[in-house]
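Please look over the structure shown here, and keep it in view while reading the briefing that follows.

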Amino acid sequence: MLDKPVILVTGASRGIGKAIALRFAQAGFACALTARNAAKLQETAQQVTEAGAPQTLVIPADLTRDADIDRLARTVLEQWGKVDVLVNNAGVLFLKPFTELSIEEFDQMMAVNMRAVFLLTQKIVPGMISRRTGTIINIASLAGKNGFKNGTGYGATKWALRGWASSLMLELREYDVRVITIFPGSVNTDMAGQLPSAPLPETRLQPEDVAHAAFQAYVLPQRAMMSEIDLRPSNPKKG
Ligand SMILES: NC(=O)c1ccc[n+]([C@@H]2O[C@H](COP(=O)([O-])OP(=O)(O)OC[C@H]3O[C@@H](n4cnc5c(N)ncnc54)[C@H](OP(=O)(O)O)[C@@H]3O)[C@@H](O)[C@H]2O)c1
């Protein structure tokens with residue numbers, strides 16, 4: 001088993017996932033990085049190494065495919081023997097009026113934003129339970145606590161994620177495994193570019209802000225758990 005702390009980050013090719021990997025790399029975590037885009041993952045791997053990660057694993061995977069999720073979990077566990085921090089971050093957004101949202105788009109959001117989280121976590125949690133330590137960090141959204149126009153599908157996946165995470169938190173804390181769920185508002189990434197009514201880029205949260213919140217929640221003493229974090233700009237007019 002690797003003698004360094006291990007983080008597995010989904011959606012590590014860009015945006016919030018990449019920022020989280022970089023933040024934990026600075027603290028000496030070995031980083032297992034996954035997303036579909038292998039070239040972008042290699043860029044992240046290079047940057048996390050420069051930031052201080054002692055080792056990296058790049059595992060391209062499509063989280064809509066069960067076989068890829070299985071291979072992802074097996075690769076990390078076979079290579080490094082454990083995952084200390086699992087970050088369920090990958091997500092997709094189709095922002096459309098309800099009557100225009102196709103079932104394929106709905107299914108894709110449900111597959112990446114919820115079903116893959118269920119499947120991957122189920123493969124990683126047994127090791128955490130048996131070692132009686134571990135942290136699962138889920139990136140939900142304030143759209144998982146409020147409705148918003150044209151967000152029927154996306155909102156449904158993030159509300160589902162919240163329901164799943166809050167139940168899992170109650171189950172796993174008996175084994176000293178923490179479940180932390182972050183609910184960001186609009187963050188300055190490719191995804192926020194799709195939001196026509198989103199705040200201007202300079203007034204949005206930055207991916208590093210979400211990474212900072214994730215790391216702060218992680219470094220709390222093991223006995224303390226920030227189970228839900230709402231993250232929004234302090235002043236929406238200023239950023
Ligand atoms: N940006 C916001 O305003 C905002 C606000 C609240 C919550 N969030 C949440 O934050 C998380 C990260 O979003 P972001 O803003 O960083 O978005 P982003 O820049 O669009 O990044 C999304 C990530 O998910 C990966 N991904 C998408 N589909 C995938 C699939 N089928 N298989 C594997 N990986 C897949 C992408 O990698 P590949 O394309 O390389 O596969 C990418 O790394 C999401 O869960 C999102 O819902 C975002």
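Which residue just after helix 3 takes a positive phi? Gly81, which follows directly after helix 3, takes a positive phi of about 80°. This is a predicted model, in which local features need pLDDT of at least 70 and side-chain atom pairs count only at pLDDT 80 or more, whereas totals for chains, interfaces and linings use all residues. Residues are numbered from 1 along each chain as its sequence is written, and side-chain values use heavy atoms, with hydrogens and water left out. Helices (H or I, at least four residues) and strands (E, at least two) are DSSP runs, numbered from the N terminus.

**Helix 3**

- Helix 3 covers residues 66–80, and its 15 residues should span 21 Å at 1.5 Å a residue, which agrees with the 21 Å between its end C-alpha atoms; the expected span is 1.5 Å times one less than the number of residues.
- The buried residues of helix 3 are Asp68, Ile69, Leu72, Ala73, Val76 and Trp80, where buried means under 20% relative accessible area, exposed means over 50%, and partly exposed lies in between (1.4 Å probe, protein chains only).
- An α-helix has 3.6 residues a turn, so residues three or four places apart point the same way.
- On the face of helix 3 turned away from the buried side are the exposed residues Ala67 and Glu78.
- The buried residues of helix 3 pack against strand 1 (6–10), strand 2 (30–34), strand 3 (56–58) and helix 4 (103–131), with contact meaning heavy atoms within 4.5 Å.

**Nonpolar cores**

- The largest nonpolar core has 43 residues, and those with the most contacts inside it are Leu8, Val76, Trp80, Leu86, Leu120, Ile124 and Ile136; such a core is a set of buried Ala, Val, Leu, Ile, Met, Phe, Trp, Tyr and Cys residues joined through side-chain atoms within 4.5 Å.
- At least two residues of this core come from each of strand 1, strand 2, helix 3, helix 4, helix 5 (152–172) and strand 6 (177–184), and helix 4 supplies the largest share, 10 residues.
- Apart from this core lies another one of 33 residues, which includes Ile16, Leu33, Ala53 and Phe215.
- Leaving aside residues up to four places away in sequence, Ile136 touches several residues, among them Leu86, Thr121, Val125, Leu168 and Val179.

- Helix 5 has 21 residues and reaches 30 Å from its first C-alpha to its last, close to the 30 Å expected at 1.5 Å a residue.
- Among the buried residues of helix 5 are Tyr154, Thr157, Lys158, Leu161 and Trp164, and the buried residues of this helix pack against strand 4 (85–88), helix 4, strand 5 (134–139) and strand 6.
- Helix 6 (residues 207–219) has 13 residues and reaches 19 Å from its first C-alpha to its last, close to the 18 Å expected at 1.5 Å a residue.
- The buried residues of helix 6, including Val210, Ala214 and Phe215, pack against helix 1, strand 5, strand 6 and strand 7 (228–231).

- Phe24 lies in helix 1 (residues 15–26) and is buried, with a relative accessible area of 0%.
- Not counting residues up to four places away in sequence, Phe24 touches Ile7, Phe29, Val85, Ile137, Ala214, Phe215 and Tyr218.
- Asn113 is found in helix 4 and counts as buried at 1% relative accessibility.
- The side chain of Asn113 reaches the backbone nitrogen of Val92 at 2.9 Å and makes a polar contact with the side chain of Thr157 (3.1 Å); a polar contact is a pair of N or O atoms within 3.5 Å, and within protein one must be able to donate a hydrogen and the other to accept it, while residues adjacent in sequence count only if both atoms are side-chain atoms.

**Around the ligand**

- Of the 30 residues around the ligand, Arg14, Arg36, Asn89, Tyr154 and Thr189 come nearest, where a residue is near a molecule or strand if one of its heavy atoms lies within 4 Å of it.
- A polar side-chain atom of Ser13 lies 2.7 Å from an oxygen atom of the ligand, and a polar backbone atom of Asn89 is 2.7 Å from an oxygen atom of the ligand.
- A backbone N or O atom of Leu63 lies 2.9 Å from a nitrogen atom of the ligand.
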